[in-house]
Amino acid sequence: MYIFYALLVFMIIAAIIAIETKNLLSAVICIGALGFGASLMFLFLRAPDIAITQIVVEVLGLIILIRSTISRDLTFISGDKEFFGTVVSVVIIFVIFLAGVKVFETLPDFGTAVFAQVPEAASQTYIKEGLQSTGAANIVSSVILDYRAYDTLGEATVLFTSIIGATVLLRKKAKKLLEEPDL
Amino acid sequence: MPYALCFLLFMLGLYCAVVKKNMVKIVIGIMVMEYAVNLFLVMLGFRVGGIAPIIDRAQYDPVMRQVAAGFVSSSVDPLPQALVLTSIVISLGSLALMISICIRTYEKYGTFDITQIRRLKG
Amino acid sequence: MSIPLPLFIAVPLIIAFVLPMFGRKGKSAATALANMVTISLLVFAVASIGKTEVYEIGKWSIPLGINLVLDGLSSLLLLAVNVVAAAAMLFSVRYMEQYTAKSKYLSLFLLMVAGMNGVILSGDIFNLFVFLEIASLSSYALVGFGCEHEELEASFKYMVLGSIASAFILFAIALVYGNTGTLNMAYISKAIADSGMNAGLAFALAMFMAGFGLKAALVPFHAWLPDAHPSAPAPISAMLSGVLIKALGVYSLARIIFNVFGVSVPVGWVLVTLGVLSMVVGVFLAVGQWDFKRLLAYHSISQMGYVILGLGIGALILARNGRIEWAAMAVLGGLFHLVNHSVFKSLLFLTSGSVEMSTGTRQLKEMGGLGEKLTFTRATCTVASASIAGIPPFNGFWSKMILVIASVQAGFLSLAAVTVVVSLVTLISFLKVQRYVFLGELPENLRQTKENRGFMLVAMVFLAGLCLLMGALLLVPGLKDSILEPAVKVLTDGLTYSDDIIGTL
Amino acid sequence: MKGMTIIVKTISSWVKMLIVLFGIYIILFGHLTPGGGFAGGVILASSYVLLMLAFGKEFVQKDLPLALDSKLDCLGALLFAVIAVLGLVLTDRIFFTNYLYQEYLPGKEFELISAGTIPFSNIAIGLKVGASLFLVIFLLSTFRRETSANTKE
């Protein structure tokens, strides 16, 4: 159990550094550390599929961030001047946090999965019958590509949308005259 | 308690996205929020001493077509894992789109500082 | 013959996947194809009126798989979305010739429509989130479609707030899953009814309200809307203001509050407060605007306030176990105003697009006397203005009247007064639009202005006709019973939603 | 940018094959072992990203032109949607049913060809994800070069 606390604390520290440092490059590297922490955490939470995905996504995300933004602007940013606004936001966020902490007492304790306590939970059936009714030994695969394949269609569409959106936003010339042919 | 730490991470991301004035920092804040949610979902499905929801040959009885009882009682929850896979992809997609908006804005304004990117009133 | 529900999503998705391959040579073919899709979706939506159906995807019974639910509320919203989508797509045929990369625009447009249809039909809360993301991401890209300074800035602002809203919604979904162990809305509703509300669920509900409130641009969360909606190309503004904030914001909020969590007095008061705030703040910010589209955007906030007010009064009455007819009246007012608003606001944005395309400006002070040049645009704009201001034969009047009656019945005289006052201020603001755009002196540089006819006109006249005729939805009993009443019944019946869906198995 | 030194180039051209093979393995065995279409697709994309970083953009352009890449992206998405819609046609109008499993493709558990449509969906997703992620990284990188060229003028 301690490993989870250690990793979470590590991730929180990484997040604080990423948020507060004035150097954008180290902020991005800290996000990388946060992501690898998350990936390790997934591994210890017995979610190898997500761990693999997280790590490859992390690498690509960092490449995107570093290649396209960091070398562009000054890597050092000046301090935030609006002191009053910052304090108000911090207070509001802290209040929400305190309200939220109470809430987690209503959840089942960490380490006693929710689905084990709800007799009719769908996950019970996935584990018991997943292999024989879909043929996939990897139950996560059978959930995302068979039981909830419709979600995966949505997910592929989200990616497609964002790629089309990115190509549209990065095109050279956006407006033209009516009669002009499309470039 | 681990849930509360996870929520703290979420709130740190929210703070960063709301307060910071640099576009890259805002993007980073949103990324932190998304990590926190993903982590929270997977943590909900964890069992102490659990095993990954992947069946290997030893745990399956091909004649009866049944999964061993030991697997059923100790596998962690596959459903949140499936959701998190979907949600990671969604975050990657929105990261790509957000970065492309950022660099196109940079090309127009020459800065990532949103206090200087103020053509629209209010 | 009944239409399989997945077609509402699958058809626009597949065509959207095909369209980018057309490139620049097949542009007219792509346009024709996209128009065929939106028109056939409109036909599907009309054909599905009055039906209730639960469709289980991939033979898996719920809660194992995902289900699609078609009931009164979803068919009302489907109708609104697809009517506006068909009109906006028709308008785009010529309007989008001002921009490059048209086939990608068409693809994003269809993805947005598919996302909204998916949100409206979904019976699974995570699936709702996924489709909400499709619609949101495509709208972020479409807001920035022009790639100019303002557009990119608005798009970034919109995307940041939208992503925060999505993170809130996903966190709330995780909390609900942690408390109930299921993701199907009917089963969640059943689990909540069995175990009662606890702090975790209440917090999840608050997060849902913040998230969907951001998507619906209710007043404390409205900062992005006045930037984002005017920046988009006109047909997209029409889609965003007309249906996107309703499908992603109001519909999801209503579904979650009324059918999943169940109404309660505090939630009712929160809704009423949000509604009144949005109405008043939106309209007073709108009066001072000189940018045509920005003015319209502020009015969207104000008009969404009416919808939320109606739903809030309904929720209050239901939570206090008041008379169900009164609750039904308030909800009817809200939903009818939602549909009316989607028609007249999209028409207003299309007319603003037509004016902008002809004159090249959006500033009211630079225009004037365009009435004689843009005769049809002026006529449709007058119809839409009369509707939004609530002048009798037009549709806006009927829904506002019902809202006033409902608030008087429920004993909220002050709310009724606010409704009337806001309506008057709206009227003043649109008199200003008429005065500065269509009357007065024609400036020298606009002498050569020509009206764009053709498909743009067809789209505008179609919507203007609807503005005139939609009073019939309320007055003709047959139409009212088949379109509006089932939608109201879904909300006033509240938690029987879960029994209805689980019972059909 | 002309790319990096000869050492990096030589090594990355060997490593690229390994990465591609690993990506294909992850995709094909996604229903049996951890991984799947998405993770495998990202790995495929990263092999080309590696090439791009090592050899420069022109080299990758020759290997995988942008137009082809965006077509592959559409094709992958379309393939997955078609797999879904075929369910409406082949079976009793059920969207997204696993119509292959046990009916057309018997296969036994734990074998490569076993889970009906699942491996095919994995392949479609892998294709889609790989093509689209490479496309977006390529676009983001090239956009920078054009703007910096503009500012020099």
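Colleague: How many helices and how many strands are there in chain C?

Modeller: Helices are DSSP runs of H or I with at least four residues, strands are runs of E with at least two, and both are numbered from the N terminus. By that rule chain C holds 20 helices and two strands. This is a predicted model, in which local features need pLDDT of at least 70, side-chain atom pairs count only at pLDDT 80 or more, and totals for chains, interfaces and linings use all residues. Residues are numbered from 1 along each chain as its sequence is written, while chains are lettered from A and ligands numbered from 1 in the order in which they are written.

Colleague: Which radius of gyration does chain C have, and what would a compact globule have?

Modeller: The radius is taken over C-alpha atoms, and the globule rule is 2.2 Å times the number of residues to the power 0.38. For 505 residues a compact globule would have a value near 23 Å, and the 21 Å of chain C agrees with this. Along the principal axes, the C-alpha atoms of chain C fill a box of roughly 70 × 55 × 45 Å.

Colleague: What average pLDDT does chain A have?

Modeller: pLDDT is the predictor's confidence in each residue, from 0 to 100. Chain A averages 83, and 90% of the residues score at least 70. Within chain A, the mean is highest in α1(A), at 91, and lowest in α5(A), at 81. Chain D averages 78, with 79% of the residues at 70 or above. For the complex, the predictor gives an ipTM of 0.92 and a pTM of 0.93.

Colleague: How many residues does the contact take from chain A and from chain B?

Modeller: Two residues are in contact if their C-beta atoms, placed from the backbone, lie within 7 Å. The contact takes 77 residues from chain A and 72 residues from chain B. On the chain A side, the largest share comes from α3(A), with eleven residues. For classes, Ala, Val, Leu, Ile, Met, Phe, Trp, Tyr, Cys and Pro count as nonpolar, Asp, Glu, Lys and Arg as charged, and the others, Gly among them, as polar. The side of chain A that touches chain B has 50 nonpolar, 18 polar and nine charged residues.

Colleague: At what angle do α6(A) and α4(B) pack?

Modeller: Axes are lines fitted to C-alpha atoms, for helices over the stretch in contact, and angles run from 0 to 180 degrees between N-to-C directions. Angles under 35 degrees count as roughly parallel, over 145 as roughly antiparallel, 65 to 115 as roughly perpendicular and the rest as oblique. Helix α6(A) and α4(B), residues 78-109, pack at about 60 degrees, with axes 9 Å apart; they are therefore oblique to each other. A crossing is left-handed if the near helix is turned anticlockwise from the far one by less than a right angle, and right-handed if clockwise. The crossing of α6(A) and α4(B) is right-handed.

Colleague: How are α2(B) and α6(C) oriented to each other, roughly parallel or oblique?

Modeller: The angle between α2(B), residues 23-44, and α6(C) is about 15 degrees, and the axes lie 10 Å apart. The two helices are therefore roughly parallel, and α2(B) passes α6(C) in a left-handed crossing. Their contact has 16 nonpolar, two polar and one charged residues.
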